[in-house]
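Hi there,

Here is the structure I promised to pass on to you. Have a look at it first, and then read on for my notes on what turned up in it.

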Amino acid sequence: MAQSPTISAALLLARGYFPKELPPAFTTEPFAKFIEKQTISPAADSLPAIHNLARPNGQRRPLHLPNPFNYAYLSKLIADNWKRLEQHLKQSTLSVSSPVVDPSEMRAVKTEYEGLELAKHRARVRTNGRFILKTDISRFYSSIYTHSIPWALVGKTEAKRVRRGGWANDLDTALRRMQDGQTQGIPTGPDASFIIGEIVAAAIDTRLQQAGISGMRYIDDYELIFASQSAAEAGQAKLEQVLSDFGLAINERKTSIEELPVELGPRWTAELRHHFSPEQKASADELIDYFGKAFALKKQNPHDPVLAYAVARLRTLEIDDWELLQNLISQCALSEHGAMDALVTHYYLNNQQEYGPALDRVIGSILEKDPELAMGTEVSWALWAAIWFRRSVPTELANKLDGNSDPVVAILALHARHLGLIGKSVDFRIWESRMRGSSLSGPEWLLAYEADIKGWLPSAETPNHVDSSSLFGPLKQAGVSFYNENVEKPTRSLLFSVDQPEPSIFS
């Protein structure tokens, strides 16, 4: 495993807390600076806020925003024991996703191998046999049993003998406190959870290595290499047994045994990658050809982020026909909502004054959907586009937002109303009813705190619910905010890596 700088609690709080999929106005850096000067202690049980991530296949994945004080304590435990955790992670020779500090500063940590280096390592690994077993761990983060973390770190027998005290048990307890005592699953989204996942997966890897199995694992995806079909089948049985010992299982839908050679990555990425070179000038004919190919590839790969990738790749190009590009990327954003981030990036980079009608249609189409679908990503990015480009949200659409359980949506809608983009007649009474002290330890914590300090909603209690809180009151007094109204650029890719020609692909 590559050597990396020590991972600190401040780093995990400043850059590894909120999910990367949120609009860039959401920030945890002020909280990290505040908590650095405090004594970090365990807090009472809480529930995380939930932001529903829209995925390319039309499904959704819940991302978690844990209570800040419980996440701070978990981050401290990881940082204080980082040298021990590194020694544990180094035992895995299969992992290519061990956490290292992210030099781009976009996140706290990143995987050890990425991009071209990951592809080159995959090619090396596949020279070790003739058959490949490809699979992943089913619902990895949401299936991890918190008690399995001590099993991974000190062994199952020792963990069952000593159930209290010690750093391994403390990690287990800290995770349960973030989830109101629940033992099933860990939060999805924070970098601390990525590290915890690697702890468990590295212990699984070690068991496979002891059985003589070679290959690689990237987060929860396995590619194991064998000399024969029968050896691969035996390897699958061994993997299933080891996973079962940790309360996990393979994803049967994504499990296959194939004879090598097989493709090193999705074919659609290669087909799109070779259409344009960085900073090329793209004509109307070339754009039509490119997006025609992208739409066809999307039909062939409905579960993959084909359109988001296709739009993001064009960021460095000079565009001949902006109106045509507008129409094409709007289609992408409406059909695959991971493309909204890239759409906002293009509008910003092209600095067009005539973006109104096309952008209004995209925003309106997203917001007029049934709010019960709870696709927080698409709604939040539609609202963020309206805020950044100062587009008005029709009252009938704004009224449908009230009571949405996603606090990211709530904060953005309240900001839009504060700017006058949503009419003052929209009162958001359901959200107002959640401005209570009890909400600060529940999934409404971000709304109950942020809407109060911004003055966007009144407290439903007297005295004020935030002022009365022993935890959140000092945050308010220190001026700590989790939402920066004055962020400099509208997407994280522009804030951190504007010169990067190729976007990352996230599953």
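A word on terms before anything else: a residue is called buried when its relative accessible area is under 20%, and exposed when that area is over 50%, with partly exposed in between. Please also keep in mind that this is a predicted model.

**The aromatic residues around Trp445**

With that cut-off, Trp445 is a clear case: its relative accessible area is 0%, so Trp445 is buried. Phe472, at 2% relative accessibility, counts as buried too. The two rings form an aromatic pair of the tilted kind, with 6.3 Å from centre to centre and 35° between the planes. Because Trp445 sits in helix H22 (residues 445–453) and Phe472 in helix H23 (residues 472–477), this pair ties together parts that are 27 residues apart in sequence.

Trp445 has a further ring partner in Phe482. Here the centres are 5.3 Å apart and the planes stand at 80°, so this pair is edge-to-face. It links distant parts of the chain, as Trp445 belongs to helix H22 and Phe482 to the loop between H23 and helix H24 (492–496), 37 residues apart. Both Trp445 and Phe482 are buried.

These rings belong to one aromatic cluster, formed by Tyr17, Phe18, Phe31, Phe69, Tyr71, Trp445, Tyr449, Phe472 and Phe482. Over the structure, the number of aromatic pairs is 25.

**Nonpolar cores**

Phe31 from that cluster comes up again in the largest nonpolar core, which has 151 residues. Phe31, Ile78, Ile204 and Phe291 are the residues with the most contacts inside this core. Helix H10 gives the largest share of the core, 11 residues. As general background, nonpolar side chains tend to be buried together in soluble globular proteins.

Four strands make up an open sheet in the order E6-E7-E5-E8, and their pairing is antiparallel. Strand E6 (214–218) and strand E8 (256–259) are the edge strands, each pairing on one side only. From one strand to the next, the twist averages 15°.

Strand E5 (residues 131–136) and E8 run antiparallel and are joined by four bridges.

Helix H10 (residues 191–210) lies across E6 and strand E7 (221–226), and runs at about 10° to E7. Helix H11 (residues 229–245) lies across E5, E7 and E8, at about 25° to E5.

**Salt bridges**

The count of salt bridges comes to 26. Arg130 is in the loop between helix H5 (115–125) and E5, while Glu259 is in strand E8, so to speak a link between distant parts of the chain, 129 residues apart. Arg130 is partly exposed at 46% relative accessibility, and Glu259 is partly exposed at 45%.

Another salt bridge joins Arg267 and Glu263, whose closest N and O atoms are 2.6 Å apart. Arg267 counts as exposed at 54% relative accessibility, whereas Glu263 counts as partly exposed at 41%.

Elsewhere, salt bridges that share partners join Arg122, Arg126 and Glu223 into one network.

Happy browsing, and do write back with any questions.

Best wishes

Key: Residues numbered from 1 in each chain as written. Predicted model: local features only at pLDDT ≥ 70, side-chain atom pairs only at ≥ 80, totals over all residues. Heavy atoms only, no water. Pairing = 2+ DSSP bridges. Helix = DSSP H or I, 4+ residues; strand = E, 2+ residues; numbered from the N terminus. Axes fitted to C-alpha atoms, helices over the stretch in contact; angles between N-to-C directions. Contact = heavy atoms within 4.5 Å. Core = buried A, V, L, I, M, F, W, Y, C linked by side-chain atoms within 4.5 Å. Buried < 20%, exposed > 50% of the residue type's maximum accessible area, 1.4 Å probe, protein only. Salt bridge = Lys/Arg side-chain N within 4 Å of Asp/Glu carboxyl O. Phe/Tyr/Trp six-rings, centres within 6.5 Å; stacked < 30°, edge-to-face > 60°.
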